[in-house]
Amino acid sequence: MNVADVMTRRVITVKPETTIADAARRMLRHRIGGLPVVDEARRVVGVVTEGDILRRAETGTERRHPRWLEILITPGRLAEEYAQANAQKVGVVMSADVVAVTPQDSLAEVVGLMERHHVKRLPVIAEGRLVGIVSRADLLQALLQNLPKPARKAALTDGEIRDHILAEIEKQPWGPRASVDVRVASRIVDLYGSITDERERTALQILAENTPGVKAVRDHLVWVEPVSGLVIPAVGSEPPANG
């Protein structure tokens, strides 16, 4: 999937000359935390978010510094803080360093940019103009649409379930295939063997649970501490029947 498949095409925007009060009203009305700022040609010139208007004189939240610290801060920095707290137009408080994507970008690229820049939404730009916006909510919607459908009851036999799980473990770079065994009876999976990292336990359980036809997963894995060799069995685990 790419951005064009999930983006919101009807975008609520503001202009640099829009008042901060109007921008705040639009965020509240549409229940969104940020707005692209566009010029007359719908070119994105910035983004204004809730975070940009947190420090305001009207609410008494403007930055305040001890007198001794003000001596160390440059006048320019203090003037910028004053402008941010007292400006009436979006163009002063907006972030001009815009991180954007194109309709052809992959969702993996979108997530990477959101994580790297700590943002919740990205403008979508084509040929220099705003054509949409992609947000975390859009990604959640894509997740719901692409969740696997419930498997049919007789999706796989016990033997096929076991083979599928072992093959999936083999494919994973973290998979402890050499130290893990799988038993399946009546589509209930029992995991036996050893792991050297507790995080492998959770991953193996999820891998088994996601296999079509599996009713339940029982954990009998033991954790072997790599340094000391200490063996810690799973809570309530039992040895295999032929053990």
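This is a predicted model: local features need pLDDT of at least 70, side-chain atom pairs count only at pLDDT 80 or more; totals for chains, interfaces and linings use all residues.
A pocket is taken here as an open set of points on a 1 Å grid over the protein atoms alone, with protein on both sides within 12 Å along at least five of seven lines; lining residues have an atom within 4 Å of a point. Grid points are joined across faces, edges and corners, and a volume is the space filled by probe spheres set on the points. Residues are numbered from 1 along each chain as its sequence is written, and side-chain values use heavy atoms, with hydrogens and water left out.

On these terms, the largest pocket has a volume of about 320 Å³. Its lining comprises 16 residues, and Val47, Thr49, Val119, Lys120 and Arg121 are the closest to the centre. Two elements, β2 and β3 (121–126), each give two or more residues to this lining, with β3 supplying the largest share, three residues. Helices (H or I, at least four residues) and strands (E, at least two) are DSSP runs, numbered from the N terminus. By class, the lining has eight nonpolar, four polar and four charged residues (Ala, Val, Leu, Ile, Met, Phe, Trp, Tyr, Cys and Pro count as nonpolar, Asp, Glu, Lys and Arg as charged, and the others, Gly among them, as polar).

Strand β1 (residues 34–38) runs antiparallel to β2 (residues 44–49), joined by five bridges; Val37 has Gly46 as its bridge partner in β2. Five residues lie between the strands of this hairpin, in which Arg42 takes a positive phi near 60°. β3 pairs with β4 (residues 129–135) in the antiparallel sense over six bridges, and Ile125 stands opposite Leu130 in β4. Here two residues separate the strands, and Glu127 in the turn has a positive phi of about 55°.

Notes:
Two strands pair if DSSP finds at least two bridges between them. On a 1 Å grid over the protein atoms alone, a cavity is a set of points where a 1.4 Å probe fits but cannot get out, and a pocket is an open set with protein on both sides within 12 Å along at least five of seven lines; lining residues have an atom within 4 Å of a point.
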